[in-house]
Amino acid sequence: MKNSLQVEELVLLCDRKGRKYLVKLTSGKQFHTHAGSVAHDSLIGASEGIQVRTNRNASLTVWRPTLNDYVLKMPRGAQVIYPKDSAAILMLADVFTGARVLESGVGSGALSLSLLRAGAYVLGYEIRADFAAQSLENVAGFLDQEAQQRYEVQVRDCYLGIAVDCLDRVILDLPEPWQVVPHAAKALNAGGILTAYTPSILQATQFREACDCKLWAQACTVEILHRNWHIEDEAVRPEHRMVGHTGFVTTVRRLG
Ligand code: SAH
């Protein structure tokens, strides 16, 4: 059995209505919601998955947060890549354990978290120092020392060049990914994959046009549609609300 919940550990408290709260367990503290309060001390040492009651008799379930929970709750400066898209990027960009990945921009570090948890070495180029610091903090808030040691973020403009080579993967989430194509051509190994995440299809098209067919092949652009279903007794139907649009994922491979 995995060990019990520890002091300073992050937990997710879920109420009956599906609301979720991310809380760091601190001795002597109380967690308050409109439905009452719970002492952190009543959770420290407990097993995850238990249900506790607030002082106003509302039920809360306590879990260790999943990466999906964490990414949606962590502090963010820039817009994050949503879990449905991060999951697809891991497969489309074929991110493997030990892969050498350059990621730019890094923003809040949401995609970095997925890349690191998949076992990659991630070098981030982020133009804003405040976002670079935020991404390091967010990664340290969820992943262990071993993963943090595979992560480095430099405050740099990726449009000006990539200062390393022999990369397996380059993954871009910035406004003009086509500006990075010539740099990625030099920095990637033959067979390496360049990925661009773009909110607009016009950006995806411009990125594809920048990939000269003498250097790049296997171009592919994908949009991920994700629809939750409501299942309760006889009411079985798609949810009324869905995330209508996030972005497009385009991949190309470096020819030898
Ligand atoms: N993928 C990130 C979000 C990135 S948002 C996540 O999942 O959390 C886009 C980021 O690109 C912003 O942080 C912005 O500061 C950065 N950026 C924009 N232009 C850049 C450039 N030329 N070089 C490096 N970073 C850049």
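The model is predicted, with local features requiring pLDDT of at least 70 and side-chain atom pairs pLDDT 80 or more, while totals for chains, interfaces and linings use all residues. Residues are numbered from 1 along each chain as its sequence is written, and side-chain values use heavy atoms, with hydrogens and water left out.

**The ligand**

The ligand is surrounded by 24 residues, the closest being Glu126, Phe131, Asp157, Cys158 and Asp173. By class, 13 are nonpolar, six polar and five charged; here Ala, Val, Leu, Ile, Met, Phe, Trp, Tyr, Cys and Pro count as nonpolar, Asp, Glu, Lys and Arg as charged, and the others, Gly among them, as polar.

Next, display the polar contacts (pairs of N or O atoms within 3.5 Å). A polar side-chain atom of Asp157 is 2.8 Å from a nitrogen atom of the ligand. Of the 580 Å² of accessible area that the ligand has on its own, the protein covers 89% (Shrake-Rupley method, 1.4 Å probe).

Now colour α3 (110–117) and β8 (121–126), the elements that give two or more residues to the shell. Helices (H or I, at least four residues) and strands (E, at least two) are DSSP runs, numbered from the N terminus.

**The pocket**

The ligand takes up the space of the largest pocket, a pocket being an open set of points on a 1 Å grid over the protein atoms alone, where a 1.4 Å probe fits, with protein on both sides within 12 Å along at least five of seven lines. A molecule sits in a pocket if more than half of its atoms lie within 2 Å of its grid points. This pocket holds about 550 Å³ of space, the volume filled by probe spheres set on the points.

Select its 32 lining residues, of which Ala78, Gln79, Gly105, Asp173 and Leu174 lie nearest the centre; lining residues have an atom within 4 Å of a point. β7 (100–104), α3 and β8 each supply at least two residues of this lining.

**Two backbone features**

Move to Gly105, in the loop between β7 and α3. A cis peptide bond joins Ser104 and Gly105, with omega about -20°. Finally, centre on Asn57, in the loop between β5 (51–53) and β6 (59–63). Asn57 is not a glycine, yet has a positive phi of about 70°.

How values were computed: A residue is near a molecule or strand if one of its heavy atoms lies within 4 Å of it. A polar contact is a pair of N or O atoms within 3.5 Å; within protein, one must be able to donate a hydrogen and the other to accept it, and residues adjacent in sequence count only if both atoms are side-chain atoms.
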